[in-house]
Amino acid sequence: MRWIESPALPALEEHFEDMADLHMRALFEKEPDRFQRFSLRVGGILLDYSKNRITRETLPLLCEVARTVGLERRRDAMFSGEKINKTEGRSVLHVALRRRCDEPILVDGKNVLPGIRRVLERMGEFASKVRSGAWKGFTGSPITDVVNIGIGGSDLGPQMVVEALKAYSSPDIRVHFVSNVDGTHLAETLRNLEPSTTLFVVTSKSFTTLETMTNARTAREWFLEASTSASDVARHFVAVSTNGPAVAEFGIDTANMFEFWDWVGGRFSLWSAVGLSIALAIGMERFEEFLEGAYLMDEHFRQAPFEANMPVILGLLGFWYVNFFGATDHVVVPYDQYLHRFPAYLQQLDMESNGKRVDEAGQPVSYHTGPMVWGEPGTNGQHAFFQLLHQGTEFAPVDFIIPANSLNPLRNHHHILLANCFAQSEALMRGKTVDEAAHELESSGAPPAVVAALAPHKEFPGNRPSNTLLLEKVTPKTLGSLLALYEHKIFVQGVLWGIDSFDQWGVQLGKELAQLLLPEIEGRSRGGPHDASTAGLLAACQEMRKRERQR
């Protein structure tokens, strides 16, 4: 059942009619206990959701819709290993990757936990060798640089985590990421690296991903220009894959191939061997803390009642704005430089999961599903897109994320950061009336004509919702909880919308057409049947390339 078919929907719709014109400023004046009523702590994370267009009646009504569409049953099905990814016939078990207890999870009758723990143990042994200097390159020197080659979930997640936990990284191991098939990405990454002290982690489940394997083969050529033998590849390349023959053909020792499973979706895979680059950066002990933080949020999601369940609350609030207020965007602003890649990571996690136009039965939906997700770190975003958030014609709910304690407490920098974060959420909620703007201008001595001209430009409508996630500090454990929180929030919304949040067929068509176009661009085949635009672009490109060769 989808939300639109819920027997609890009429009551929620009636409530929305009462809420549509209410201003949060008035709600805060009437309800001085809104923070106590609408905030929640889980581990090292406090969620303040009081600056939302809700009353004490709203959340129970939203929760009732979630119950009637079977959210509890769907949640339990995921955790038990049922094949809830219907279009691909797969279980969805990123939660198994971080399970800290021995309660089994079965896939096709087999407990997956022993296999997971074997891979984690191998990851720990390998990371320890590299980090301690015991793993030597072909000249006998220890590894100083690790280059992770992947794309999508094999890049965005690990890169975000390595950046977020940089304060916990070894100073002796520098970790780099290459994803874009644009040769510039690889060339600039390798420019200042030494082949004899560089280790490559090639991450591709099939070991056939076009972008990843193109970059990997070019990296292999770069390495072999300096090495003495092709056998040296085995000391400088490892794989995260399931395709043993292809890995061996590349020259990688399959003893250094770290597996993962088809029930691990790419954008949910950083908890698996795909996170090997994370373990190399921060060490396996810290990686285990990262998993513990995610497990803490998993257990909260499994056990807490909906009205006090952080992922459920975030998911329901997002649904409230998309399907009742017509919001098409969701903005995420981390006020922490270490989290600067978090919005990019969340873009894939959310939009690849819930950017769907048909339900699980393949029928077109008649309502909005996943929003456009975007953002930048604060305070940079304040000087870029906050103008639109405050005074634009559309509103976009915002998630503010900030640690109470900085890992780099320079002078009063963090005090300023906190003041800006809290001020922005307050300003979005309160706004400023035209009368207040006029009074400020008058108090400054502005003449009446100036007051009349400028006051409309200084008006802020306010009533723009936001959540604030206050972290005690950015630690491996807290970060793990934060990522699991968003994973489960996205799951909640997918259940409400009746869509499959775990497939991604929308990325396939472009890949297929690229494979058809590549021989034409390389001059290995003549032009195929293309539309006029594509044919024109191909011809113009060939002409430009020809002129460049003739110079």
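Predicted model: local features only at pLDDT ≥ 70, side-chain atom pairs only at ≥ 80, totals over all residues.

Colleague: Which residue in E13 does leucine 46 stand opposite?

Modeller: Leucine 46 faces leucine 470 there.

Colleague: How many bridges join strand E12 to E13?

Modeller: Six bridges connect strand E12 (residues 398–403) to E13, and these two run parallel. Within E13, threonine 468 is the bridge partner of phenylalanine 400.

Colleague: And is E13 mostly covered or mostly uncovered?

Modeller: Strand E13 spans residues 466–471 and is mostly covered, with five of its six residues buried.

Colleague: Let us change topic. What is the order of the open sheet of five strands?

Modeller: The order is E6-E5-E7-E8-E9, and the pairing is parallel. Strand E6 (174–178) and strand E9 (257–258) stand at the edges with a single partner strand each, so one side of each has no neighbour in the sheet.

Colleague: How many bridges are there between E5 and E7?

Modeller: Strand E5 (residues 145–149) and strand E7 (residues 198–203) pair over five bridges, in the parallel sense.

Colleague: Now a helix. Where does histidine 390 lie?

Modeller: Histidine 390 is in helix H16, which covers residues 386–391.

Colleague: Why does histidine 390 count as buried?

Modeller: Its relative accessibility is 9%, and histidine 390 counts as buried because the cut-off is under 20%. Leaving aside residues up to four places away in sequence, histidine 390 touches Gln424, Ala427, Leu428, Phe460, Pro461 and Arg464.

Colleague: Turning to the whole chain, how many helices and strands does it have?

Modeller: The chain has 22 helices and 13 strands. Its radius of gyration is 26 Å, close to the 24 Å given by the globule rule for 551 residues, so the chain is as compact as a globular protein of that length. Along the principal axes, the C-alpha atoms fill a box of roughly 80 × 65 × 60 Å.

Colleague: What percentage of the residues is buried?

Modeller: Buried residues account for 53% of the 551 in the chain. Of the contacts with a separation of 6 or more, 75% are between residues 24 or more positions apart.

Colleague: And what about the surface and the charges?

Modeller: The accessible surface is about 24500 Å², and carbon and sulfur atoms contribute 52% of it. The chain carries 55 positive and 68 negative charges, whose mean positions are 4 Å apart.

Key: Residues numbered from 1 in each chain as written. Heavy atoms only, no water. Helix = DSSP H or I, 4+ residues; strand = E, 2+ residues; numbered from the N terminus. Rg over C-alpha atoms; globule rule 2.2 N^0.38 Å. Buried < 20%, exposed > 50% of the residue type's maximum accessible area, 1.4 Å probe, protein only. Contact = heavy atoms within 4.5 Å. Areas by Shrake-Rupley, 256 points an atom, 1.4 Å probe, with all protein chains shown as cover. Lys, Arg positive; Asp, Glu negative; His and termini not counted. Charge placed at Lys NZ, Arg CZ, Asp CG, Glu CD. Pairing = 2+ DSSP bridges.
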